[in-house]
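Please open the structure in your viewer and keep the selection tool at hand.

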Amino acid sequence: MGCQGDIFVLSAPSGTGKSTLIKRLFDELRGISFSVSFTTRNQREGEIDGKDYFFIDDASFDKMLAENDFVEWVQVYQHRYGTARTWIQEKINGGEDVLLDLETIGARKIKEIFPKAILIFLLPPSAQSLSDRLRGRGKDAEEQISIRLKAAKQEIEYWDSYNHFILNDDLESAYNEFRSVFIATRTTKKRMAGVIQNVLDTF
Ligand code: ADP
Ligand code: 5GP
């Protein structure tokens, strides 16, 4: 069997630019899959069921909980979000990398369960720029924006559990740093052991 893939978790206050970076990464890199979470929140315009999230109702979420289908789940902004338990393990066993988009409590839970998971935190340059981005995105009501801004501070205060920090000021620099984390991980000893042996075997 080839070597296992790695688990990456990306967290950022809503509006920082997470979706923008994730989209670019999946347009560019192969060998990585996005963990599609289950959520009870409403589908936003432009979101695709089964790609961005699996949009399910409360009863279905309750059923999945009862059947222990989530490796972690949380309630944020009156809605629940959960990560499927078996999918991650299957992917990494098959040698694929996986990327999870989680808030800070879920990220720490994943680190507890998978201590080698690589946690990445994306930071907005300032509170003001975050509020500008949320308004500019035009997807949240004004009341939601102020809730998200309050939550942002609390999320950033959980920075200490993370391995990598990317400041999303200039988008190109931020993306370059983001992709580098994934690419550099593919050169680690664990990932390259088989290749090294193959090279040795040619001598
Ligand atoms: P998230 O997924 O973190 O909630 P988005 O990727 O939807 O955030 O980005 C929020 C808004 O900010 C979008 O309108 C996006 O185009 C914009 N944005 C993302 N990165 C930057 C950046 N570096 N500079 C300016 N605007 C940005
Ligand atoms: P949004 O509603 O903006 O898509 O997501 C709200 C927050 O929930 C984001 O911080 C996102 O990272 C987080 N989130 C999405 N899916 C999951 C999940 O399955 N588990 C956890 N813990 N957080 C999630």
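The tour below begins at a ligand and then moves on to pockets in this predicted model.

Begin by selecting ligand 2 together with the 15 residues that surround it, of which the closest are Tyr53, Glu72, Tyr81, Asp101 and Glu103. If you colour this shell by residue class, you will find four nonpolar, four polar and seven charged residues. Both β5 (70-76) and β6 (79-84) supply at least two residues of the shell, and β6 gives the most, with three residues.

Next, select Arg41, where an N or O atom of the side chain is 2.7 Å from an oxygen atom of ligand 2. Move to Gly82, which has a backbone N or O atom 3.3 Å from an oxygen atom of the ligand, and then to Thr83, whose side chain places an N or O atom 3.2 Å from an oxygen atom of ligand 2. The protein covers 94% of the 510 Å² of accessible area that ligand 2 has on its own.

Now show the pocket surfaces: the space taken by ligand 2 is the largest pocket, with a volume of about 1,400 Å³. Among its 48 lining residues, Lys18, Ser19, Arg44, Tyr53 and Asp101 are the closest to the centre.

Finally, turn to the second largest pocket, which has a volume of about 200 Å³ and is lined by residues including Arg41, Tyr77, His79 and Arg148.

How values were computed:
Residues are numbered from 1 along each chain as its sequence is written. Chains are lettered from A and ligands numbered from 1 in the order in which they are written. This is a predicted model: local features need pLDDT of at least 70, side-chain atom pairs count only at pLDDT 80 or more; totals for chains, interfaces and linings use all residues. Side-chain values use heavy atoms; hydrogens and water are left out. A residue is near a molecule or strand if one of its heavy atoms lies within 4 Å of it. A polar contact is a pair of N or O atoms within 3.5 Å; within protein, one must be able to donate a hydrogen and the other to accept it, and residues adjacent in sequence count only if both atoms are side-chain atoms. Accessible areas come from the Shrake-Rupley method with a 1.4 Å probe; for residues, only the protein chains shown count as cover. On a 1 Å grid over the protein atoms alone, a cavity is a set of points where a 1.4 Å probe fits but cannot get out, and a pocket is an open set with protein on both sides within 12 Å along at least five of seven lines; lining residues have an atom within 4 Å of a point. A molecule sits in a cavity or pocket if more than half of its atoms lie within 2 Å of its grid points. Helices (H or I, at least four residues) and strands (E, at least two) are DSSP runs, numbered from the N terminus. Ala, Val, Leu, Ile, Met, Phe, Trp, Tyr, Cys and Pro count as nonpolar, Asp, Glu, Lys and Arg as charged, and the others, Gly among them, as polar. Grid points are joined across faces, edges and corners, and a volume is the space filled by probe spheres set on the points.
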